[in-house]
Amino acid sequence: MTTTAVVPIDAIQRMAEVAAKSKLFGAQTVEQAMTIMLIAQAEGRHPMSAAKDYDVINGKPAKKAEAMLRDFLAAGGTVEWHKLTDEGAEATFSHPQGGSVRIDWNKARMQQAKISNEAMYSKYPRAMYRSRCVSEGVRTVCPSATGGLYVPEEVRAFAPEKN
């Protein structure tokens with residue numbers, strides 16, 4: 001991970017206003033945009049990188065699977081894909097400090113987990129299984145690469161909070 005210079009809070013505020021107004025990156029409010037930008041800065045990235053690395057789903061931040069995998073690999077992790085098809089994904093995730101684990105996701109696991117986003121799994125099964133595989137594998141052997149967040153596919157499956 002490349003560490004960037006700290007961006008002043010007033011500049012982040014202006015970026016957040018533009019990002020929220022554009023509605024291009026999932027953040028619907030300035031506060032949501034600013035929060036994910038501050039997370040990006042805390043991870044040593046420029047705040048605008050939040051646009052490519054994070055989503056806001058039902059008001060909750062989520063880190064994209066590609067960003068988790070990138071941070072995992074940059075932290076010295078490795079992944080070996082054994083299967084990546086519309087029927088499922090299976091890979092071994094290894095990290096010097098966290099060991100190795102073999103993770104698989106398929107339709108049976110999705111149904112067992114009672115994932116409610118079946119429409120996306122029927123449209124893009126390979127990508128959805130891959131994202132779940134990355135999230136679980138990275139979280140297991142190098143949790144710091146997740147930033148403590150779930151992938152958007154997982155957050156979409158959470159039951160909405162009752163206010």
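Q: How do the residues of the largest cavity's lining divide by class?
A: The lining has nine nonpolar, no polar and no charged residues. Here Ala, Val, Leu, Ile, Met, Phe, Trp, Tyr, Cys and Pro count as nonpolar, Asp, Glu, Lys and Arg as charged, and the others, Gly among them, as polar. This is a predicted model, in which local features need pLDDT of at least 70 and side-chain atom pairs count only at pLDDT 80 or more, while totals for chains, interfaces and linings use all residues. Residues are numbered from 1 along each chain as its sequence is written, and side-chain values use heavy atoms, leaving out hydrogens and water.

Q: Which residues line the largest cavity, and what is its volume?
A: Ala 19, Phe 25, Ala 27, Ala 33, Ile 36, Met 37, Met 48, Ala 50 and Ala 51 line the largest cavity, whose volume is about 40 Å³. A cavity is a set of points on a 1 Å grid over the protein atoms alone where a 1.4 Å probe fits but cannot get out, and lining residues have an atom within 4 Å of a point. Grid points are joined across faces, edges and corners, and the volume is the space filled by probe spheres set on them.

Q: Which elements give two or more residues to that lining?
A: Helices α2 (30-42) and α3 do, and α2 gives the most, with three residues. Helices (H or I, at least four residues) and strands (E, at least two) are DSSP runs numbered from the N terminus.

Q: Where is Ala 33, and is it buried or exposed?
A: Ala 33 is found in helix α2. Ala 33 counts as buried because its relative accessible area is 2%; buried means under 20%, exposed over 50%, and partly exposed in between (1.4 Å probe, protein chains only).

Q: What does Ala 33 touch?
A: Leaving aside residues up to four places away in sequence, Ala 33 touches Ala 16, Ala 19, Ala 20 and Ala 27. Contact means heavy atoms within 4.5 Å.

Q: Turning to pockets, what is the volume of the largest one?
A: The largest pocket has about 180 Å³; a pocket is an open set of points with protein on both sides within 12 Å along at least five of seven lines. Of its 14 lining residues, Ala 127, Met 128, Ser 131, Glu 153 and Arg 156 are the closest to its centre.

Q: Which element gives the largest share of the pocket lining?
A: Helix α7 does, with four residues. By class, this lining has six nonpolar, two polar and six charged residues.

Q: What about Ser 131: buried or exposed?
A: Ser 131, in helix α7, counts as buried because its relative accessibility is 3%. Ser 131 touches Ala 65, Val 151 and Glu 153, again not counting residues up to four places away in sequence.

Q: How do α4 and α7 cross?
A: The axes of α4 (residues 65-74) and α7 (residues 125-141) come within 9 Å and cross at roughly 35 degrees. Axes are lines fitted to C-alpha atoms, for helices over the stretch in contact, with angles from 0 to 180 degrees between N-to-C directions.

Q: Which residues of α4 meet α7?
A: Ala 65, Glu 66, Met 68, Leu 69 and Phe 72 do, and among their partners in α7 are Ser 131 and Val 134.

Q: Which residues of α4 are buried?
A: Ala 65, Ala 67, Met 68, Leu 69, Asp 71 and Phe 72 are.
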